[in-house]
Amino acid sequence: MVEPSHEFHLLHVTQSWPAPDYDDPMYDAIKADPPEGCVPDDFGGLFGLRCVRSAPTLLDAVAEVCHEVRTAHGLLMTDLGIEKLWEWSPDGRDGFGATIVGQLLLMASSRGQQLGYDIEDLVRFIRTAAAAK
């Protein structure tokens, strides 16, 4: 079975001020060796990747690239470039709505870790809040 191809932007947005810009030397290694299917790009001064990745779902594709970037370069990618998080589109697991869900999950992961929550805390919260068994 051929997996669908997903296009997305993945940005490194930090909570520090001023945020590092695209030309910061911390990005030299990933610019020289980006994940497969990704091209480094300047997103209004922020470092980001334009990616095309095959995976079962958009969230799987995003997670794979985030994992590769974190393990190879130590960067926690935190943003899919969605500015209006309150917008919604019930267009399925690979549409704009899925991009919004991915954005919210990346933000929760990044900000939760800054507050001392670990991944298991966040998963437990989602399971409890959603009444999952």
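Glu3 touches Ser54, Ala55 and Pro56 once residues up to four places away in sequence are set aside, where contact means heavy atoms within 4.5 Å. The model is predicted: local features need pLDDT of at least 70, side-chain atom pairs count only at pLDDT 80 or more, and totals for chains, interfaces and linings use all residues. Residues are numbered from 1 along each chain as its sequence is written, and side-chain values use heavy atoms, with hydrogens and water left out.

- Glu3 sits in the segment before β1; helices (H or I, at least four residues) and strands (E, at least two) are DSSP runs, numbered from the N terminus.
- Glu3 is partly exposed, at a relative accessible area of 38%; buried means under 20% relative accessible area, exposed over 50%, and partly exposed in between (1.4 Å probe, protein chains only).
- Between the C-alpha atoms of Glu3 and Glu87 there are 28 Å, and the two residues are 84 residues apart along the chain.

**Nonpolar core**

- The largest nonpolar core has 21 residues, and Phe8, Leu10, Leu49, Val62, Val65 and Met77 touch the most other members. A nonpolar core is a set of buried Ala, Val, Leu, Ile, Met, Phe, Trp, Tyr and Cys residues joined through side-chain atoms within 4.5 Å.
- Two or more residues of this core come from each of β1 (5–11), β3 (46–54), α2 (58–73) and α3 (96–114).
- The element that gives the most to this core is α2, with 6 residues.
- Not counting residues up to four places away in sequence, Phe8 touches Leu49, Arg50, Cys51, Arg53, Leu58, Ala61, Val62, Val65 and Leu80.

**Cysteines**

- The model has 1 disulfide, counted as a pair of cysteine sulfur atoms within 2.5 Å.
- Cys38 and Cys51 form this disulfide, with an S to S distance of 2.2 Å.
- Cys38 belongs to strand β2 (residues 38–43) and Cys51 to strand β3; the pair links distant parts of the chain, 13 residues apart.
- The torsion about the S-S bond of Cys38 and Cys51 is about 110°, so the disulfide is right-handed.
- Both partners are buried: Cys38 has a relative accessible area of 7%, and Cys51 has a relative accessibility of 3%.
- Cys66 is in no disulfide, and the nearest cysteine sulfur, that of Cys51, is 8.7 Å away.
- Cys66 also counts as buried, at 12% relative accessibility.

**Packing of α2 against α3**

- The axes of α2 and α3 come within 9 Å and cross at roughly 35°. Axes are lines fitted to C-alpha atoms, for helices over the stretch in contact, and angles run from 0 to 180 degrees between N-to-C directions.
- The crossing of α2 and α3 is right-handed, a term for the near helix being turned clockwise from the far one by less than a right angle, with anticlockwise giving left-handed.
- On the α2 side the contact is made by Leu58, Leu59, Val62, Cys66 and Arg70. On the α3 side Ala98, Thr99, Val101, Gly102, Leu105, Leu106 and Gln113 take part.

**Buried threonines and a glycine**

- Thr78 lies in the loop between α2 and α3 and counts as buried at 7% relative accessibility.
- A polar atom of the Thr78 side chain lies 2.6 Å from the backbone oxygen of Val13. A polar contact is a pair of N or O atoms within 3.5 Å; within protein, one must be able to donate a hydrogen and the other to accept it, and residues adjacent in sequence count only if both atoms are side-chain atoms.
- Apart from neighbours within four places in sequence, Thr78 is in contact with Leu11, His12, Val13, Gln103, Leu106, Met107 and Ser110.
- Thr57 is in the loop between β3 and α2 and is buried, at 9% relative accessibility.
- Residues touched by Thr57, not counting those up to four places away in sequence, are His6, Arg93 and Asp94.
- Gly97 is part of helix α3 and is buried at 2% relative accessibility.
- Gly97 contacts Trp88, Ser89 and Asp91, leaving aside neighbours within four places in sequence.
- Gly97 and Glu87 are 8.5 Å apart in space, C-alpha to C-alpha, and 10 residues apart in sequence.

**Ends of α4**

- Asp118 caps the N-terminal end of helix α4 (residues 119–129), with a side-chain oxygen 3.1 Å from the backbone nitrogen of Glu120.
- Ala131 follows α4 and has a positive phi, near 60°.
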